[in-house]
Amino acid sequence: MEKVLVGLSGGVDSAIAAYILKEQGYDVTCCFMRNWDAFANNDIEGNPTIQNDVCPQEQDYMDAKAVAEHLDLPLLRVDFIKEYWDSVFQTFLNEYEKGRTPNPDILCNKYIKFDAFFDYAMKHGFDKVATGHYCSNETKDGFTYLTRAADQNKDQTYFLCQVPEKALAKTLFPIGNLIKPEVRKLADQLHLESVATKKDSTGICFIGERNFRQFLSNYLPNKEGDIVDIDTGKKIAKHCGVLYYTIGQRKGLQIDHEKGPWFVCGKDVHKNILFVCHTDHREWLYSDSCIVKSINWLVPDLKEIPTKLTCKFRYRQADQDIEIVSIDKDSAMIRYPQKIASVTVGQEAVFYHGHICLGGGVIEQVFAGDQDLNEKIIQTYKEKISG
C-alpha cells in the first residue's frame, strides 16, 4: 500500500483530496503547513485580522484538524516559515523593488509545496504527495506531463508551471477530474462542516487577504510621485509609489479631475514616474513580442516543443496564439503579431499544447515592434518635455 502525504490546508479542495485517496486505498497521512507568522514578519499595516483572537492560520489548522479527525486520518503539522521568507517572500519583494510584478502563488508552489514539503515527505518515508489543486498529470514513456483539470474555470496548471517533473511524477491530484460544485457537494454529503461552505482562499499565497499597498509598505517604503499622461506629457495626479501599481491597472489611480478611465501603461522606477494612458489611447498597452526567461520546460526533449503554441500571460486570460523562437534551453522569444494588452514584466508566461501544460517562465522584456515598450514610453515622455 503506497504511503501518501496530503497537504491539508483547511480548505474544501484538499479535504476532498484526502477523502478520495483514502477511498482509493492509499495509506494517507495529512500535513498542515504553516508558512507565515504575521508578528515575526512585521505583517501589521494592511492586515485586517491582526487584532483577531485567532489568526487565520490557526483557524485553518483547526479546520484541517476537524477534517482529519472526521476522516479518521493522522495529521502532522510542519513549519516552513523560514523557507517561505527566504525563497518566496524575499523574491517577491526584490521583484517589486525593481518595479516588476511577480506571482507569489507560482513561487510558493515552486519553493514550498513542491520543494520543501515534497522533500519533507520523501525524507519521512512517503511514496507520494498529494494536493487539492485543480489539475491532472499523466505519465507517458516514463515522463510525467502536467495536464489541465476537468474544471476549466478552476484549472490551476498556470500556478504549477515551475514545478519540476521529478515532483510531478510523485504527486497525486485527486480532484483533477471533478468540478468545483461536485467537490462542495461531496464535502456536504460527508458532513465536513469545517470546510463544506468555507470560502475559497484568496489574496497572497499562505499570507491571505491584505490591503495590498499598506501590506507592501511594511517592507518597501512608499514614495509619492507624479502620474503622467503619456500622450500629453502632462502631470495629472500623484501616486503613492510606482512599485505598488501594475501594467494595465485601472482601479485605484485616483485621477478624479480628468475624465477616464485611465490605465497604467509604464513606469520609470528610477525617476518615480507612473505613466498612464487614456481609454481612447490604449495602444500604449499593446505589445507584439516578449522575451521569457527561466523557463521550466515540462517535456522530456526540447525538440518536442512545437513552434506554434498557446500561452497565458496571466491566470484568467484566455489562451493566446503565439509563436516561440528558442534563445537557449530556458529562454525564448515569444511572438504574437495579433498584439496583446498588458503583458507585464515579472509575471509568468505559461505554455500549452492542447490539454498539456508545457511549462512556463518569467516575462523579462516586452516589445512593441523592435523597441522595448517601457523604454519607448520613457523616451516618448523625455521628448515631450524637452521640446
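1. Contact in this note means heavy atoms within 4.5 Å. The model is predicted: local features need pLDDT of at least 70, side-chain atom pairs count only at pLDDT 80 or more, and totals for chains, interfaces and linings use all residues. Residues are numbered from 1 along each chain as its sequence is written, and side-chain values use heavy atoms, with hydrogens and water left out.

2. Asp 330 sits in the loop between β14 (320-328) and β15 (331-341). Helices (H or I, at least four residues) and strands (E, at least two) are DSSP runs, numbered from the N terminus. Not counting residues up to four places away in sequence, Asp 330 touches Val 292, Lys 293, Ser 294, Ile 295 and Trp 297. Asp 330 counts as partly exposed because its relative accessibility is 27%; buried means under 20% relative accessible area, exposed over 50%, and partly exposed in between (1.4 Å probe, protein chains only).

3. Asn 103 belongs to the loop between α3 (81-97) and α4. With a relative accessible area of 16%, Asn 103 is buried. Leaving out residues up to four places away in sequence, Asn 103 touches Tyr 158, Phe 159 and Gly 346.

4. Within α4, the buried residues are Pro 104, Ile 106, Leu 107, Cys 108, Asn 109, Ile 112, Lys 113, Phe 114, Ala 116, Phe 117, Phe 118 and Ala 121. An α-helix has 3.6 residues a turn, so residues three or four places apart point the same way. Tyr 111, also in α4 (residues 104-123), is partly exposed, at 26% relative accessibility. Apart from neighbours within four places in sequence, Tyr 111 is in contact with Ser 87, Val 88 and Ala 116. Just after the helix, Gly 125 takes a positive phi of about 85°.

5. A nonpolar core is a set of buried Ala, Val, Leu, Ile, Met, Phe, Trp, Tyr and Cys residues joined through side-chain atoms within 4.5 Å. The largest one has 96 residues, of which Phe 313, Ile 334 and Phe 351 touch the most other members. Helix α4 supplies the largest share of this core, nine residues. Another core, of 32 residues, lies apart from it and includes Leu 8, Tyr 134, Leu 192 and Val 195.

6. The second largest pocket holds about 540 Å³ of space. On a 1 Å grid over the protein atoms alone, a pocket is an open set of points where a 1.4 Å probe fits, with protein on both sides within 12 Å along at least five of seven lines; lining residues have an atom within 4 Å of a point. Grid points are joined across faces, edges and corners, and a volume is the space filled by probe spheres set on the points. Its lining has 22 residues, and Gly 99, Lys 267, Val 345, Asp 372 and Asn 374 lie nearest the centre. Two or more lining residues come from each of β10 (262-268), β17 (356-368) and α8 (373-386), and α8 gives the most, four. By class the lining holds nine nonpolar, six polar and seven charged residues. Here Ala, Val, Leu, Ile, Met, Phe, Trp, Tyr, Cys and Pro count as nonpolar, Asp, Glu, Lys and Arg as charged, and the others, Gly among them, as polar.

7. Backbone angles: most residues other than glycine have a negative phi. Asp 141 has a positive phi, near 50°, in the loop between β5 (136-140) and β6 (143-147), and is exposed at 77% relative accessible area. Gln 254 also has a positive phi, of about 55°. Gln 254 lies in the loop between β9 (234-239) and β10 and is exposed, with a relative accessible area of 61%.

8. Is Asn 218 buried or exposed? At 15% relative accessibility, Asn 218 counts as buried. Asn 218 lies in the loop between α7 (212-217) and β8 (225-229), where a polar atom of its side chain is 3.1 Å from the backbone oxygen of Phe 215. Beyond neighbours within four places in sequence, Asn 218 is in contact with Asn 42, Asp 43, Ile 44 and Glu 45.

Note on methods
A polar contact is a pair of N or O atoms within 3.5 Å; within protein, one must be able to donate a hydrogen and the other to accept it, and residues adjacent in sequence count only if both atoms are side-chain atoms.
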